[in-house]
Amino acid sequence: MLALGLDELREGMMPPELTLDQLPRRLEAAGRSLALAYTPIPGGEEVEKLLVVVTDITAQLASERLEMEQREQAQLVDRLLRDRGALVEFLDEATGQVDVACAPSSDLVEVRRALHTLKGNAAFFGIGGLADLCHRLETRIDETGDPPHAAERTELSERFQRMRERVELFLGSRPDALEVSSADITELERDIAQQASHRELAERVAGWRLEPAARRLGRIAEQVHRFAGRLGKGDVEVRSDGHGVRLDAAEWRSFWASFVHLVKNAVDHGLEAPERRAAAGKPRQGHVEVSTRVVDRELLVEIADDGRGIDWEAVTRKAADLGLPHGNDRELAEALFANGVSTRDEVTEMSGRGIGLGAVRAECEARGGRMDIVSAVDVGTRVRFRFPLPASQRPSPMAPRQIALSSAPAA
C-alpha cells in the first residue's frame, strides 16, 4: 500500500493530498497500535521519497479507553439511581442483540438490525464507546457487504461484557418488587368503596404486575430531549399519554428497544432546527407526541412530530437506485421499509443507513400488528401501530383508565 502510494505521488496520478488520504493511518501489529504519518519529500519537480513516521500509541489508546469507560460508568450509575428498571431492561435486551451480532451463523440483515438498534440504545444510555464500535462495524459491513469477522465479533462481545460486569457490581440483587403509585391506590380505594366484585378487584391488583405505558413513554420523552440536544434541534416539547394502558414489560421489551429508531427519525429527519422553523413560519419549538390507547379492540401506539414530513422524492430516488418498485404511493410506502432506503444522502452516527424502519416493522409484525405512516410536507409525520386485542384482554368496565395487556390470557 505504501509503495503504491509513492508511485502515485511520483506519477502525479492524483493530487498529493488525496493520495496521502488513501494511505492507512493506523496499524495493529504484535498487539501494538501504531499511528502512521506521511510527509512527501520532493526531488526536483516530482516526489522522490515518502517519509513515514510511526508512533506507538498503544498506551495512549489504553488510557483513553479507560477514561471513557470511567465516564460511561458514572453515567450508568446515575441512570441506575434514577431508573433502575430501564437499565436492567437495556442490559437484558442488549445481551440478545450482541448474541445476534456475534453469532457467525446469523443472517446479515439481522446482524445489521441488531447493531443499529444496539447503537441507538447505547448512545441513549451514554455508552459512547459501545455505540461508536457498532457504528464502525456498520460502516465496514456497508463497505464490504461481509458480516463482522472473528476479531470484530470478539471486540464487540468483550467490550459489552466489560460494561455489563461493571454495571452488575452496582445492580446487586434484583428483588421481586412491584412499583405501585398513589394513583393506583386511589383507584383501588374507589373500587372498594363502589363495592366492586372480588374478580374486578383481583384484576385491578393483577394489573400492577404489568408496566404502566406512561412510564415507558416518559423514557421515550427523555430520548427525544437527548437526541434533540445532540442534533441542535433546540428545546423540543414532548406530549405523552399512556391512557392507563399497562403492558407486560418482558413481552414488549424488544418492541420498545426498536422504537428508538422512530424517535431518532422524528428528531433527526423530521424536526427542523429552530431557525429554519421560524423562517418557515412555524413555532421555533418542535413538538413530538407519543401515546398508547385502546380503540375498537385494538392497542394503538403512536409517535408524531410537526416537522418537515417525509421527502418522497428522496425515497423515489433511493428506491430507483436499489431497483425497488416505486411507481405509485403504495410501492413508495413499501420501499420506505426496505433496507438501504433513507432520505439522507450521507451516513451519520445517528441515521442514514435505512435500517431502522425495517427493524421496527419486523417487531410489529412479530406481534401480529400492522404499521401505518401518514406524512405531509411541512406538517409532520405520524407513525401508528395497531395490535389486535385478544377477547380475554379487554378494558374493565369499572375502570376505563386502566387497560392491562398481558402476554398470558386473563383468568
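This tour moves through a predicted model, from its nonpolar cores to its salt bridges and then to a patch on its surface.

Begin by selecting Trp256, Phe259, Leu262, Ile303, Met371 and Phe385, which are the residues with the most contacts inside the largest nonpolar core, a set of 40 residues. To see where this core comes from, colour the elements that each give two or more residues to it, namely helices H10 (213-231), H11 (249-270) and H15 (356-366), together with strands S6 (245-247), S7 (287-295), S8 (298-305) and S10 (380-388). Helix H11 gives the largest share, nine residues.

Keep Leu262 selected and show what surrounds it: leaving aside residues up to four places away in sequence, Leu262 touches Ile303, Leu357, Val360, Met371, Val383 and Phe385.

The next stops are charged pairs, of which the model has 31 counted as salt bridges. Select Glu187 and Arg204, whose side chains meet in a salt bridge at 3.0 Å from N to O. This pair links distant parts of the chain, since Glu187 lies in helix H8 (residues 182-193) and Arg204 in helix H9 (residues 198-206), 17 residues apart. Both partners are buried, because the relative accessibility is 9% for Glu187 and 2% for Arg204, under the 20% cut-off.

Now go to helix H5 (residues 108-124), where Arg113 and Glu110 are three residues apart and therefore separated by about one helical turn. Their side chains form a salt bridge with an N to O distance of 3.7 Å; Arg113 counts as buried at 18% relative accessibility, whereas Glu110 is partly exposed at 38%.

For a pair that joins two strands, select Asp56 in strand S3 and Arg32 in strand S2 (residues 32-43), which are 24 residues apart. The closest N and O atoms of this salt bridge are 3.1 Å apart, and each partner is partly exposed, with a relative accessible area of 41% for Asp56 and 38% for Arg32.

To see a network of salt bridges, select Glu237, Arg239, Glu289, Arg293, Glu302, Arg382 and Arg384 together, as these residues are linked in one.

Finish on the surface with Ile41, Leu51 and Val53, which form a nonpolar patch with about 220 Å² of accessible area together.

Methods: Residues are numbered from 1 along each chain as its sequence is written. This is a predicted model: local features need pLDDT of at least 70, side-chain atom pairs count only at pLDDT 80 or more; totals for chains, interfaces and linings use all residues. Side-chain values use heavy atoms; hydrogens and water are left out. Patches are made of residues with over 30% relative accessible area and no salt bridge: like charges are joined within 9 Å, nonpolar side chains (Val, Leu, Ile, Met, Phe, Trp, Tyr) within 5 Å. Accessible areas come from the Shrake-Rupley method with a 1.4 Å probe; for residues, only the protein chains shown count as cover. A salt bridge is a side-chain nitrogen of Lys or Arg within 4 Å of a carboxyl oxygen of Asp or Glu. A nonpolar core is a set of buried Ala, Val, Leu, Ile, Met, Phe, Trp, Tyr and Cys residues joined through side-chain atoms within 4.5 Å. Buried means under 20% relative accessible area, exposed over 50%, partly exposed in between (1.4 Å probe, protein chains only). Helices (H or I, at least four residues) and strands (E, at least two) are DSSP runs, numbered from the N terminus. Contact means heavy atoms within 4.5 Å.
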